[in-house]
Amino acid sequence: MAEAAAIRAGASHPGWQIDRFVVTTALAGFALVGGLVWLETAPFMVALFAIGTVLGMALYHGAFGFTAGWRNLVVKKRGAGMRAQLLLFGLSSLIMVPMLHSQTGLIGAVAPVGTSLVVGSFLFGIGMQLGGGCGSGTLFTVGAGNIRMVVTLVFFIVGTVIGSMHLPWWLDQPGFDPVPLVNTLGVSGAIIAQLVGLGLVAWWVNRIERRAHGSIERNELLWKSQSHGVLRTLVSGRWPFTWAILILAAGNALTLAISGAPWSITFAFNVWGAKALEAVGVNMSQFEFWTWDYPAIALKDSVLTHIPSVMNFGLLLGAMLAAGLANKFNEASRNRPEARQFMAAVVGGLLLGYGARLGFGCNIGALFSGIASASLHAWIWFACAFAGSLIGIRLRPFFRLPN
Amino acid sequence: MQRAYSRTRILLALGVILVLIMADHLNSPTFAFNSGQGNVQTALMQRDESACAPCGAPCPSTRD
């Protein structure tokens, strides 16, 4: 009887296994890259690398995917993922808007508002659903060993480079300079206006869920894992959304405090792609984008001195470590994707990259960091990317991607 | 349970990435600076306060 009970308990709480090879490799990579950054750059870069690693773990263990959250709302009429994102934006807004305007030397994620932003974010939204992830989603799934997402990442990089060649033309189309909400509403006013905006979106999300299901699942408010204890959940996942929200908000605020600018991801892809082209003999300075001060110096110098690149390396290794601790490395690639699914990764990656460059970033750099900086462009980005995502969701069945 | 990946491929992929990072770094101004060469501009503090976007794009109002 006791034995039978023990077996039943074992079935419901299977043994805690980690993938030692993946965990060891990720830790070795962390030590190697972290050591290089320490030796060759400055201690604050090591701190940013470590923050990137923690963010990668949080994204993986929290399964914090912007793409799936949006799709779940549209297809399954479930809004927990979307509400978790709104909570994250609200919390970051409360922390980072006052930071940005109380300390000198900090620069927010603001960007021009115009044709480039609208077209770019719309294309990015389509790409999210076809590629299978946004900027952060692509990176953390690649770190967790997803083969299809490696294809998405490669074409994401190609897309950003093409986008960088075209961005000057797009900037010449109708548009105007960045609109920081703080300039017109003040710090408190900007925060309140943003919280009201996020509240309205949350109300709309709740309305959709309640209409479809009669009630709302408040998964985004859970504090404890329902399957394991705190320690095991912390190490091997899956984290409740609240944990991921707190870590992501703290990570972005620390990034701002340490580097002087909020978290961003996709500009690093630009630099990696442009460096690859230069390595095969292409003179990137023939393109106007690469003559601008920041891109030019980022292209010329080491990736180990480039903040988004270093944080991305940390994110990749953090996701790898988390996947190893969860014993799920490469789990998503057990069933080999069909040719059309790879085609979706190619098309989606190109749209993601091109869209990210025209739209001044991805869900992290433009949306998350943009709202945390109280910039109008982030709200326009949100609306246009969501509209694009609706089209992307409709296109998924053609590429044999499940909805 | 059978592993879903090849250890060799993982190590190979990470090794290639590391080699690319090192090749890039060894040809960079920062490495030259660290090796004692002066008069090079490094990118350690890269924020461009005059730019209008995180990618360094200029403001539309400044474009002719």
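1. What percentage of the 64 residues in chain B do buried residues make up? The share is 23%. The secondary structure of chain B consists of two helices and zero strands.

2. A word on confidence. This is a predicted model. The scores are ipTM 0.91 and pTM 0.93. For chain B the average pLDDT is 85. In that chain, 84% of the residues score at least 70.

3. Now the fold of chain A. Its secondary structure has 17 helices and two strands. Buried residues account for 55% of its 403 residues. Take the contacts in chain A with a separation of 6 or more: 83% of them join residues 24 or more positions apart.

4. Overall dimensions of chain A. The C-alpha trace spans about 75 × 50 × 45 Å along its principal axes. The radius of gyration is 21 Å. A compact globule with 403 residues would have a value near 22 Å, so chain A agrees with that expectation.

5. The interface. On chain A, 46 residues are in contact with 34 residues of chain B. Five elements of chain A give two or more residues each to this side: α2 (20–40), α8 (147–171), β2 (175–176), α12 (266–279) and α13 (293–300). The biggest giver is α13(A), with six residues. By class, the side of chain A that touches chain B has 22 nonpolar, 15 polar and nine charged residues.

6. Two of those elements also pack on each other. The axes of α8(A) and α12(A) are 8 Å apart, at an angle of about 85°. An angle from 65 to 115 degrees counts as roughly perpendicular. The two helices α8(A) and α12(A) are therefore roughly perpendicular to each other.

7. Who makes that contact? From α8(A) come F156(A), I157(A), V158(A), T160(A), V161(A) and S164(A). From α12(A) come T266(A), F269(A), N270(A), W272(A), G273(A), A274(A) and L277(A). The contact of α8(A) with α12(A) has eight nonpolar and five polar residues, and no charged residues.

8. Look next at helix α16 of chain A, residues 363–372. Ten of its ten residues are buried, so this helix is largely enclosed by the rest of the structure. Among the buried residues of α16(A) are N363(A), I364(A), L367(A), F368(A) and I371(A). G365(A), S369(A) and G370(A) are buried there too. A374(A) follows α16(A) and has a positive phi, near 55°.

9. Is G105(A) buried or exposed? G105(A) has 8 C-beta neighbours inside 10 Å, so it counts as exposed; the cut-off for exposed is 12 or fewer. G105(A) sits in the loop between α5 (80–102) and β1 (113–114) of chain A. Along the chain, G105(A) and S259(A) are 154 residues apart, yet 9.8 Å separates their C-alpha atoms.

10. Last, T24(A), which lies in helix α2 of chain A. T24(A) counts as partly exposed because it has 13 C-beta neighbours inside 10 Å. T24(A) and L321(A) are 297 residues apart along the chain. Their C-alpha atoms are separated by 8.2 Å. Helix α2 is also one of the elements that give two or more residues to the side of chain A that touches chain B.

Terms used. Residues are numbered from 1 along each chain as its sequence is written. Chains are lettered from A and ligands numbered from 1 in the order in which they are written. This is a predicted model: local features need pLDDT of at least 70, side-chain atom pairs count only at pLDDT 80 or more; totals for chains, interfaces and linings use all residues. pLDDT is the predictor's confidence in each residue, from 0 to 100. Helices (H or I, at least four residues) and strands (E, at least two) are DSSP runs, numbered from the N terminus. The radius of gyration is taken over C-alpha atoms; the globule rule is 2.2 Å times the number of residues to the power 0.38. A residue is buried if 20 or more other C-beta atoms lie within 10 Å of its own, exposed if 12 or fewer, and partly exposed in between; C-beta atoms are placed from the backbone. Two residues are in contact if their C-beta atoms, placed from the backbone, lie within 7 Å. Ala, Val, Leu, Ile, Met, Phe, Trp, Tyr, Cys and Pro count as nonpolar, Asp, Glu, Lys and Arg as charged, and the others, Gly among them, as polar. Axes are lines fitted to C-alpha atoms, for helices over the stretch in contact, and angles run from 0 to 180 degrees between N-to-C directions. Angles under 35 degrees count as roughly parallel, over 145 as roughly antiparallel, 65 to 115 as roughly perpendicular and the rest as oblique.
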